[in-house]
Amino acid sequence: MCGRYASSRGPGDLAGIFGIDKWEPEETLEPDYNVAPTKEVYAVLDRPLKDADSPRPVRQLRRLTWGLVPSWAKTPEGGARMINARAETVHEKPAYRRAFAARRCILPADGYYEWVTGKQERELEVEGRKKRPRKQPYFVLPADGSVFAMAGLYEFWRDRTLPDDHPRAWWVTCSVLTTEAERTPLAVAPADGPHSLADIHPRMPLMLTPDRWDAWLDPARTDPDGLRELLAPPPAGLMRAYPVSTAVSNVRNNGAELLKELEAPEVGTLF
């Protein structure tokens with residue numbers, strides 16, 4: 001799954017990486033090292049410009065809200081629960097299938113956080129002893145330091161309780177696609193830690209390699225079968241993972257120090 005990630009690159013960097021043609025300075029976001037659901041995030045998408053003479057799609061950097069609200073929803077309250085969409089079923093789920101066909105985006109990140117329950121706590125759970133497990137967060141990122149381009153969907157929702165000219169009349173929200181976590185060895189793994197992403201969690205965000213970016217963003221591609229071919233997991237051996245401070249578990253904590261690699265997990269023996 002993807003429940004928290006880090007995004008520190010600014011519009012200038014992202015424009016160079018993704019070939020952005022249009023972005024609004026007033027939509028600039030501060031670096032966020034603890035991105036959580038319902039926050040505003042950067043999204044790369046191809047879409048015609050509003051009120052433009054040409055229908056040609058333009059690559060844009062937009063600011064969206066993480067947590068997809070389907071266009072047919074009566075209220076936006078369920079968005080916080082729809083932060084992830086499973087790649088295996090996204091084409092058939094009512095909440096996602098229309099966006100999958102026409103409104104796809106890339107959510108750029110440095111990497112994502114995932115939590116592992118400590119070995120001793122897991123043993124207590126098996127024994128049936130009631131105890132809130134302590135979990136060790138890991139940061140997962142491309143081993144070469146490149147952008148983690150997460151496949152995403154976006155959707156528009158109209159708040160019918162507000163007039164057309166109200167700034168909150170339209171909501172633009174997004175969701176991250178997830179896939180089965182890799183079971184192959186990590187490119188760089190902790191000495192005493194997980195050897196694969198599947199050791200950390202059974203799911204992972206679907207990372208798109210640069211050769212798939214244009215096809216994924218192209219709004220002219222609407223055939224579900226052809227689009228599903230783009231949902232294949234990335235090549236194995238691209239990722240690394242390392243333990244970080246449990247401070248990231250509190251969404252109020254934010255700063256580059258959250259990405260600092262620990263010499264050893266804070267929670268003790270994990271594997």
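Q: Which residue in strand 10 is the bridge partner of Pro108?
A: Ala149 is the partner of Pro108. Bear in mind that this is a predicted model.

Q: How do strand 7 and strand 10 pair, and over how many bridges?
A: They pair in the antiparallel sense. Six bridges link strand 7 and strand 10.

Q: And what about strand 10 and strand 11, how many bridges there?
A: Seven bridges join strand 10 to strand 11. The two strands run antiparallel. As an example, Tyr154 has Cys174 of strand 11 as its bridge partner.

Q: Strand 10 itself: mostly covered or mostly open?
A: Mostly covered. Ten of the eleven residues in strand 10 are buried.

Q: Let's move to Ala99. Where is it?
A: Ala99 sits in helix 2, residues 97–102.

Q: Why does Ala99 count as buried?
A: Because its relative accessibility is 0%, and buried means under 20%.

Q: What does Ala99 touch, leaving out residues up to four places away in sequence?
A: Arg104, Leu153, Tyr154 and Glu155. Tyr154 is the residue whose bridge partner in strand 11 is Cys174.

Q: How far is Ala99 from Phe156?
A: In sequence, 57 residues. In space, 9.3 Å from C-alpha to C-alpha.

Q: Which of them gives the most?
A: Strand 5, with six residues.

Q: On to helix 1. Which residues are buried there?
A: Helix 1 spans residues 11–18, and its buried residues are Pro11, Leu14, Ala15 and Phe18.

Q: Why are those four on the same side of helix 1?
A: Because they cover an arc of only 105° around the axis. On the other side of helix 1, Gly12 and Gly16 are exposed.

Q: What covers the buried residues of helix 1?
A: The cover includes strand 2, strand 4, strand 5, strand 7, strand 10 and helix 4.

Q: What follows helix 1?
A: Gly19 does, with a positive phi near 70°.

Q: Which residue other than glycine has a positive phi?
A: Thr38 is one, with phi near 80°. Most residues other than glycine have a negative phi.

Q: Where is Thr38?
A: In the loop between strand 3 and strand 4.

Q: How many bridges join strand 1 to strand 3?
A: Two, and the strands run antiparallel. Strand 1 covers residues 5–7.

Q: Last one: which residue in strand 3 is the bridge partner of Ser7?
A: Asp32.

Conventions. Residues are numbered from 1 along each chain as its sequence is written. This is a predicted model: local features need pLDDT of at least 70, side-chain atom pairs count only at pLDDT 80 or more; totals for chains, interfaces and linings use all residues. Side-chain values use heavy atoms; hydrogens and water are left out. Buried means under 20% relative accessible area, exposed over 50%, partly exposed in between (1.4 Å probe, protein chains only). The arc is that of the directions from the helix axis to the C-beta atoms. Contact means heavy atoms within 4.5 Å. Two strands pair if DSSP finds at least two bridges between them.
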